[in-house]
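Dear colleague,

Please find below the structure that I am handing over to you, together with its sequence. My findings follow directly after it.

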Amino acid sequence: MSNVETDPAEVRCAASADDGHGDDAPLVEVLPARDVPLGGPRAMTVRRTLPQRSRSLIGAWCFADHYGPDDVAATGGMDVAPHPHTGLQTVSWLFTGEIEHRDSLGSHAFVRPGELNLMTGGHGISHTEVSTPRTTILHGAQLWVALPEEHRHADRDFQHYVPEPVRADGAVARVFLGTLCGDTSPVRTFTPLLGAELVLDPHVSLTLAVDPGFEHGVLVDAGGIRLGDTPVQRAELGYVGPGRDTLTLTNTSAEPTRLLLLGGPPFGEEIVMWWNFIGRSHEDIAQARQDWQNASDRFGEVHGYPGDRLPAPELPNTRLRPRSTR
């Protein structure tokens, strides 16, 4: 999905040496979502938990939009014209509905519930995302992963993967990136990552073995949970820093609850993120914007979309500046 805010924020960020987790830091930090309208006459609104002023990265995860369930008859669904990306991988995950994906690599695929689409836009790629006519309810998450310096100009790539459900102590896991519950995804990434959907039965408490070198985020889609002893409600993201080899998730309700578990080692590199671009400096972003506006071969061409490309927003009048990060 494109970050099609009319006034996209700039983010320049890096994990600090201790990542803000001293002896007095809470075990779990709860990050609320903010509503972001994505433009158009019937703006699709998403709930954004990354980036924000209190935290910009969880591992290499740098962007998390959570949307729906939306009645497509009322909202118009998703129709994102050709738009560019640099320096990142997009991770598309649906709970309900279907989205048609086309990109300048020539990929033509569908995003369906329980199926991962991961696209690499290193040096440059462009793509479209359109909900299909048979979609009545649209509900899912769009996530981005920042590429490390040595790979941020990687070639275009697209991977599709359908993880098998794994049953684990009153829960079902679908591991789309990394390793969890004895299951490992074959999908290639440029830094170690964890990405999984978990559905917990009513009143279940599940303790997961996790990598102590990772920081983790739990994005609640439906219901409410306790992460350790801390409540995390629907659309909130619970953050836990490195150094813990287990996470305990408790479904506090009489209904199943669903969440996404994200993780990775602290990224440790400074990045600048604006609109759909990730770079290392203001100049990187300005060059990417200019290349897109000039229809450079850097981003290629998407075939099969009946409409024009998305123009890039205007850059701010000042240099892209850092926000407070942890």
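A residue is called buried here when its relative accessible area is under 20%, and exposed when that area is over 50%. Phe63, with a relative accessible area of 2%, is therefore buried. Please bear in mind throughout that this is a predicted model.

Overall picture

The protein chain has 326 residues, of which 55% count as buried. Its secondary structure comes to two helices and 27 strands. Among the contacts with a separation of 6 or more, 74% are between residues 24 or more positions apart. The average pLDDT of the chain is 90, and 89% of the residues score at least 70. Residues 10-25 call for caution: pLDDT stays under 50 there, although the model has 39 contacts beyond four places in sequence for this stretch.

Aromatic residues

The structure holds six aromatic pairs. One of them is formed by Phe63 and Trp144, which are stacked at 4.0 Å centre to centre with 15 degrees between the planes. Phe63 belongs to strand S5 (residues 61-71) and Trp144 to strand S12 (residues 137-146), so this pair ties together parts that are 81 residues apart in sequence. Like Phe63, which is buried, Trp144 falls under the 20% cut-off, because its relative accessible area is 0%.

A further pair, Trp275 and Phe277, is edge-to-face, with 5.5 Å centre to centre and 80 degrees between the planes. Both Trp275 and Phe277 are buried. These two residues also belong to one aromatic cluster, together with Trp274, Trp292 and Phe299.

Two arginines lie over aromatic faces. Arg309 is placed over the face of Trp292, at 3.7 Å from the ring centre. Arg55 lies over the face of Tyr239, at 3.6 Å from the ring centre.

Helix H2

H2 (residues 282-293) has twelve residues and reaches 17 Å from its first C-alpha to its last, close to the 16 Å expected at 1.5 Å a residue. Just after the helix, Ala295 takes a positive phi of about 55 degrees.

Strand S18 and its neighbours

Which strands pair with S18 in the antiparallel sense? On one hand there is strand S15 (residues 171-177), which pairs with S18 over six bridges. On the other there is strand S25 (residues 257-264), which pairs with S18 over seven bridges. Leu200 takes part in both pairings: Leu200 is the bridge partner of Ala171, and Leu200 also stands opposite Thr257 in S25. Six of the seven residues of S18 (residues 194-200) are buried, so this strand is largely enclosed by the rest of the structure.

Backbone features to note

Most residues other than glycine have a negative phi, and most peptide bonds are trans. Several places in this model depart from that pattern.

- Asp169 has a positive phi near 50 degrees. It is found in the loop between strand S14 (166-167) and S15, and is exposed, with a relative accessible area of 64%.
- His203 has a positive phi near 60 degrees. It is found in the loop between S18 and strand S19 (205-209), and is exposed, with a relative accessible area of 55%.
- Leu50 and Pro51 are joined by a cis peptide bond, with omega about -5 degrees. Pro51 is in the loop between strand S4 (45-50) and S5.
- Gly68 and Pro69 are also joined by a cis peptide bond, with omega about 0 degrees. Pro69 lies in strand S5, the strand that also holds Phe63.

With kind regards

Technical notes. Residues numbered from 1 in each chain as written. Predicted model: local features only at pLDDT ≥ 70, side-chain atom pairs only at ≥ 80, totals over all residues. Heavy atoms only, no water. Buried < 20%, exposed > 50% of the residue type's maximum accessible area, 1.4 Å probe, protein only. Helix = DSSP H or I, 4+ residues; strand = E, 2+ residues; numbered from the N terminus. Pairing = 2+ DSSP bridges. Phe/Tyr/Trp six-rings, centres within 6.5 Å; stacked < 30°, edge-to-face > 60°. Lys NZ or Arg CZ within 6 Å of the ring centre and 35° of its normal. pLDDT = per-residue confidence, 0-100. Contact = heavy atoms within 4.5 Å. Expected span 1.5 Å × (residues − 1).
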